[in-house]
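Please look over the sequence and the model shown here, and keep both in view while reading.

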Amino acid sequence: QVQLVESGGGLVQPGGSLRLSCAASGTIFYIYTMGWYRQAPGKQRELVAAFTSGGSINYAESAKGRFTISRDTAKKTVYLQMNSLKPEDTAVYYCNADARAVGGTRKDYWGQGTQVTVSS
């Protein structure tokens, strides 16, 4: 199995910054893609930023210029640096990995989510 553990959420004022981390662990055979999604109350889960299997990065339009995704491949960890946060960024942020566990099949894995609240 593959486990994803997020950290770094919290309460921040508009214009502030937060850095989220997501570490993958378990009997990992291969990670194809890894990134961040978010879900605000009453809304569908949406992509924020993610590394593709080819190593490029996809950003949501709302994240471009404010958020930066990075990774430490050796640590199987991805980060999301969020700057200039706005109240509309308030959501539960989920780490996602398209991965294959040893002896398993390729599938989507999700972290437990971390709350980000942007409010004065």
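Ala101 lies in strand β9, where strands are DSSP runs (E, at least two residues; helices are H or I, at least four), numbered from the N terminus. This is a predicted model, in which local features need pLDDT of at least 70 and side-chain atom pairs count only at pLDDT 80 or more, whereas totals for chains, interfaces and linings use all residues. Residues are numbered from 1 along each chain as its sequence is written, and side-chain values use heavy atoms, with hydrogens and water left out.

With a relative accessible area of 4%, Ala101 is buried; that word stands for under 20%, exposed for over 50%, and partly exposed for values in between (1.4 Å probe, protein chains only). Leaving aside residues up to four places away in sequence, Ala101 touches Gln1, Val2, Thr27, Ile28, Phe29 and Tyr109, contact being heavy atoms within 4.5 Å. The C-alpha atom of Ala101 is separated by 11 Å from that of Tyr32, although the two residues are 69 apart along the chain. Val102, by contrast, is found in the loop between β9 and β10 (106–110) and is exposed, at a relative accessible area of 55%.

Turning to charged pairs, the structure holds five salt bridges, each defined as a side-chain nitrogen of Lys or Arg within 4 Å of a carboxyl oxygen of Asp or Glu. One of them joins Asp89 and Arg66 (2.7 Å, N to O), linking distant parts of the chain, since Asp89 sits in the loop between β8 and β9 and Arg66 in the loop between β6 (57–59) and β7, 23 residues apart. Both of these residues are buried, and together with Arg38 and Glu46 they are linked in a network of salt bridges. Arg106 forms a salt bridge with Asp98; Arg106 is partly exposed at 43% relative accessible area, whereas Asp98, at 14%, counts as buried.
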